[in-house]
Every structure is written in C-alpha cells, then in structure tokens.
Amino acid sequence: MKKSEKQELIDHGLLLPLMEEFYTIQGEGFHKGTAAYFIRLGGCDVGCHWCDVKESWNAELHPPTMADAIVENAAKYSKTIVVTGGEPLMWNMDPLTSKLKAEGLQIHIETSGAYELTGTWDWICLSPKKLKLPTQAVYDKADELKVIVYNKDDFRFAEEQAAKVNKDCILFLQPEWSKRDKVVPEIVDYVMANPKWKVSLQTHKYLNIP
Ligand SMILES: C[S@@+](CC[C@H](N)C(=O)[O-])C[C@H]1O[C@@H](n2cnc3c(N)ncnc32)[C@H](O)[C@@H]1O
Ligand SMILES: Nc1nc2[nH]cc(C(=O)O)c2c(=O)[nH]1
Ligand code: SF4
Ligand SMILES: [Mg+2]
C-alpha cells in the first residue's frame, strides 16, 4: 500500500495501531468484575509520568490493523468490549464503534478525554489528566469520572474535574499503583468525608491477570 493511501485509511479510522488485545476481567471503576475483551490502541502524547503502559505511547511501534479485522476477532470473545490505549481518542473512533455496534456488542472506552470525542459509546470512563485537560464533549458525555491519586493535590484536581462533568456521572478516586500504600488510607478518609466519591482499585493487578 502507498504511504498516502495508508495515511488516508488512518485519518478515516479504518486503520488503527493495534498494540494488544486480550480477554480479561475489567479491573477498574464502575464495571469492575465484568468479563470484557480489551482492545489497546497505540499512541498517546499526554505524558503521565506514572503511566502503566508507556510502551503504548509511540504509535509507530504498533501494527496498523484494519478496524474490520479488529471487530471480527473481538466479536468471538465477548459481548462487552473495552477500547483503551494509549489514548484511543487520538484516532477517529467512528468506524470501529459503528462496526462493533453492528455486531451487537456493548462498547466502553477508557480515555483521558484530551482529544475530540469520536465514536458512539455505551460507556465512557473519563480519567482526566492535568497535563492535557479533557474536551467539553467528554465532560458532557462521561458516565464515570476516574481520577488517579498520586499526591494530595489530586484531591483538589478531582473536585475541579467533578465540577465539570454532567450530574449523572459516577465519581471514583483510584490510587496510583506505585503510591498505593501511601494514598489508599488518604483516599479512604476522603471518601468517608466526601461520600459522593467511591474508591476504585486496579483489581486486575491484585488478581495477577492482564
Ligand atoms: C493506561 S490508561 C489508557 C486510557 C487513557 N489514555 C486514559 O488515561 O484514560 C487506562 C487507565 O489506567 C489508568 N492508569 C494508568 N497508569 C496508572 C497507574 N500507574 N496507577 C493507576 N491507574 C493508572 C489511567 O488513568 C486510565 O484510567
Ligand atoms: N483488567 C484490566 N482492567 C482494566 N481497566 C482499564 C484498563 C486499561 O488499561 O485501560 C485495564 C487493564 O489494563 N486491565
Ligand atoms: S493519558 Fe493514559 S495512556 Fe496516556 S500517558 Fe496518561 S495514563 Fe498513559
Ligand atoms: Mg491498564
């Protein structure tokens, strides 16, 4: 395929950098405990220093894969699909999500919200980052807000972000993994004092599953 043809397919969201895909249990947030097939797309320039998938950042390292092929495979595994990354909203998610919907699947996204919202989603998990704030459309449509707590300033940031999401959005505080011993007690106290928040843990890491 010519370089220009390939770029056109990428621009239209028909070709996506696929880092990995796996059938597992959603470990985090509202749907924690539910079996789901994960599609992890490469590419992210948000730059969280504690990111647990830095290997995803460089999209060039992940094979460009046709959205059709991704969907055909995913449909074999689960009725619930989680699209994550990297930052999936760096890509046009319209073709991937419409093809997944045509297969009758439930489609969830894990996103920082830092890019334009494309695709149609049954569930949007917004995990905002100070380095590159979400777009208004993602605040408006988010089903859950999942703020990562690395230090005390993240509680201030969490409240600032909670003021921007829609009124039905479910609010979670999730410990940054490497700081969990320090921040879990702080999150517990915070949630008891501010019960509009719930605790989210990365349960897959405790279960030793992907
Ligand atoms: C790897 S990100 C990919 C999706 C998107 N880029 C985002 O940040 O939402 C998936 C989820 O893992 C969270 N996450 C990443 N590194 C983490 C860490 N070290 N501890 C806790 N959560 C982490 C993110 O905040 C996000 O909710
Ligand atoms: N089991 C499991 N649950 C997850 N929830 C969000 C994840 C992600 O990396 O987006 C993730 C992940 O990587 N594994
Ligand atoms: S936005 Fe998500 S993928 Fe990108 S660096 Fe932050 S946690 Fe990692
Ligand atoms: Mg993960």
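Two strands pair if DSSP finds at least two bridges between them; strands (E, at least two residues) and helices (H or I, at least four residues) are DSSP runs, numbered from the N terminus. On that basis S7 and S8 pair in the parallel sense over 6 bridges, and Val147 has Leu173 of S8 as its bridge partner. The model is predicted: local features need pLDDT of at least 70, side-chain atom pairs count only at pLDDT 80 or more, and totals for chains, interfaces and linings use all residues. Residues are numbered from 1 along each chain as its sequence is written, while chains are lettered from A and ligands numbered from 1 in the order in which they are written.

A residue is buried if 20 or more other C-beta atoms, placed from the backbone, lie within 10 Å of its own, exposed if 12 or fewer, and partly exposed in between. Strand S8 (residues 170-175) is largely enclosed by the rest of the structure because 5 of its 6 residues are buried.

A nonpolar core is a set of buried Ala, Val, Leu, Ile, Met, Phe, Trp, Tyr and Cys residues joined through C-beta atoms within 7 Å. The largest one has 46 residues, of which Ile81, Val83 and Leu96 touch the most other members. Strand S2 (residues 35-41) gives the most to this core, with 5 residues. Contact between two residues means C-beta atoms, placed from the backbone, within 7 Å. Beyond four places in sequence, Val83 touches Ile39, Leu41, Pro88, Leu96, Ile107 and Ile109.

Next come the ligands, where a residue is near a molecule if its C-beta atom, placed from the backbone, lies within 6 Å of it. Ligand 1 is surrounded by 18 residues, the closest being Asp52, Glu110, Ser112, Ser127 and Trp177. Strands S4 (80-85), S5 (106-111) and S7 (144-149) each supply at least two residues of this shell. The residues around ligand 3 include Cys44, Cys48, Cys51, Ser112 and Lys129.

UniProt, in an unreviewed entry, places the feature "binding site" at positions including Pro128 and Lys129; such annotations may be inferred rather than shown by experiment. Pro128 lies in the loop between strand S6 (123-126) and helix H4 (136-141), and Lys129 is found in the loop between S6 and H4. Pro128 counts as buried because it has 27 C-beta neighbours inside 10 Å, whereas Lys129, with 19, counts as partly exposed. Leaving aside residues within four places in sequence, Pro128 touches Ser112 and Val147, among others, and Lys129 is in contact with Val46, Cys48, Ser112 and Ala114.
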